[in-house]
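Hi everyone, thanks for coming.

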Amino acid sequence: MMKKMLALCLGGYSAWAIAGFDVVALGVEGGVSDGNLTSYLIRSDGQTQYLALDAGTLLPGIAKGLEKGSFPQVTSELAAPYTPQGYIFRKLIDSYFISHGHLDHVAGLIIGSPEDDKKTVYAQADTVLTLRNHYFNWKAWPNFTDAGNGARLGTYRLQTVRPQQRVTLGLSGLSGVMYLLSHENYSSSMLLVSDREGSFAYFGDTGSDALEKSRNLDTVWRALGPLIEQKKLKGMIIETSYPNGVDEKHLYGHLTPALLLKELKNLQQYSGGEGSLKDLPVVISHIKPSLKQGEDVRAIIKQQLDQGNDLGVKFILMEQGERQQF
Ligand SMILES: [Zn+2]
Ligand SMILES: [Zn+2]
């Protein structure tokens, strides 16, 4: 896809304003396969550094991205003394946002930590506590953070983000507002990432409001509606873990195509009504892979989403290592 560039000439002042976000999928699945767990890099088109949205899989995803040409700016000369993979990991990931403490969202961060540069990890209070008390505790793993028990190696500064308060995200040139999500009696979160031109919504794992007996998604949709009306929301990444027909008690706080479509219908109400979500890019993440022969769960979920899509949204399934612009 071509980069969208706009030349702005304002009263003799001219500058290149580059509109949009650059997203690279480092891992797209919801558990099971340890080389391909949820993580997406996002950066503002005008910037060089990325924010990592979750960190289930990092280094194997970067390797896939290099293979697929998703980091065309990175050469061996630029990367030296690191490998291109090491350079992207250490230098181009500026900071991390972790949606919740489940292992499929943090495994890459933990396992890569001995080789990482000093960075900030942004997360809600509950997730910061999980990282500190259950992972970086000298039992599960050495303490590479700046808090918690025992010697603090200090690679990661754990920064608590409060719900619905804007934070500047490291030196990525992005800011974010975090909203809480319900994930079967567990607190997950979404991050609304913004630069000067627009916004992009990243959802951690979430159940539907109806099944979670929650208003958390409704609160998010109310916040996104006006951005859609103003054409400022460039897209979103949201989970659809299971196909339709999975028993409610086996959803474990996740969405199906039918549940996501119902939630998006609620978003449509707040976005200007019928037709207002037409062509909105919605990236489907966190599909639970099937280990059964001949069962292509990605294809099944895509088909079920397309079939019920009277909203006209643009459902996208990204592959590991793939890059897209929004
Ligand atoms: Zn998950
Ligand atoms: Zn989870």
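Before I point at anything, a word on the labels: helices, which are DSSP runs of H or I with at least four residues, and strands, which are runs of E with at least two, are numbered from the N terminus. One more thing to keep in mind is that this is a predicted model.

With those labels, let's visit Pro-81, which sits in the loop between α2 (76-79) and α3. What is the peptide bond from Ala-80 to Pro-81, cis or trans? It is cis, with omega near 5°. That deserves a glance because most peptide bonds are trans.

Val-32 is a residue other than glycine, yet its phi is positive, near 75°.

Now for the metals. Which residues hold the zinc ion we call ligand 1? Its protein donors are Asp-104 and Asp-205, each through OD, and His-105 and His-286, each through NE2, at 2.1 to 2.2 Å from the ion. Along the sequence, the spacing of these donor residues reads D-H-x99-D-x80-H. The four donor atoms of the zinc ion (ligand 1) make angles of 88 to 167° among them, and the site is irregular.

Next to look at is the zinc ion (ligand 2). Here the coordinating residues are His-100 (NE2), His-102 (ND1), His-183 (NE2) and Asp-205 (OD), at 2.2 to 2.3 Å. The site of the zinc ion (ligand 2) is irregular as well, with angles of 88 to 168° among its four donor atoms. For this ion the sequence spacing is H-x1-H-x80-H-x21-D.

Which residue coordinates both zinc ions? That is Asp-205, and the two ions, ligand 1 and ligand 2, are 3.3 Å apart. Asp-205, in the loop between β12 (199-203) and α6 (209-212), also pairs with His-286, in the loop between β14 (281-285) and α9 (297-307), to link parts of the chain 81 residues apart.

Let's finish with how some helices pack. Helix α1 (residues 59-67) meets helix α3 (residues 84-92) at an angle of about 125°, and their axes are 9 Å apart. That angle is why α1 counts as oblique to α3. Their crossing is right-handed. On the α1 side we find Leu-59, Pro-60, Ile-62, Ala-63 and Leu-66, and they meet Pro-84, Gln-85, Ile-88 and Phe-89 of α3. By class, this contact between α1 and α3 has eight nonpolar residues, one polar and no charged ones.

The other pair is helix α7 (residues 216-229) with helix α8 (residues 257-270), packed at about 50° with axes 7 Å apart. So α7 and α8 are oblique to each other, and this crossing is right-handed too. Among the contact residues are Leu-217, Trp-221 and Ile-228 of α7, along with Leu-264, Leu-267 and Tyr-270 of α8. The contact of α7 with α8 divides into eight nonpolar, two polar and four charged residues.

Definitions and conventions
Residues numbered from 1 in each chain as written. Chains lettered and ligands numbered in written order. Predicted model: local features only at pLDDT ≥ 70, side-chain atom pairs only at ≥ 80, totals over all residues. Heavy atoms only, no water. Axes fitted to C-alpha atoms, helices over the stretch in contact; angles between N-to-C directions. Parallel < 35°, antiparallel > 145°, perpendicular 65-115°, else oblique. Left-handed = near helix turned anticlockwise from the far one by under 90°. Contact = heavy atoms within 4.5 Å. Nonpolar A, V, L, I, M, F, W, Y, C, P; charged D, E, K, R; others polar. Donors = N, O, S within 2.8 Å, 3.2 Å for Na, K, Ca; no water. Tetrahedral: all angles 85-135°; square planar, octahedral: opposite > 155°, others 65-115°.
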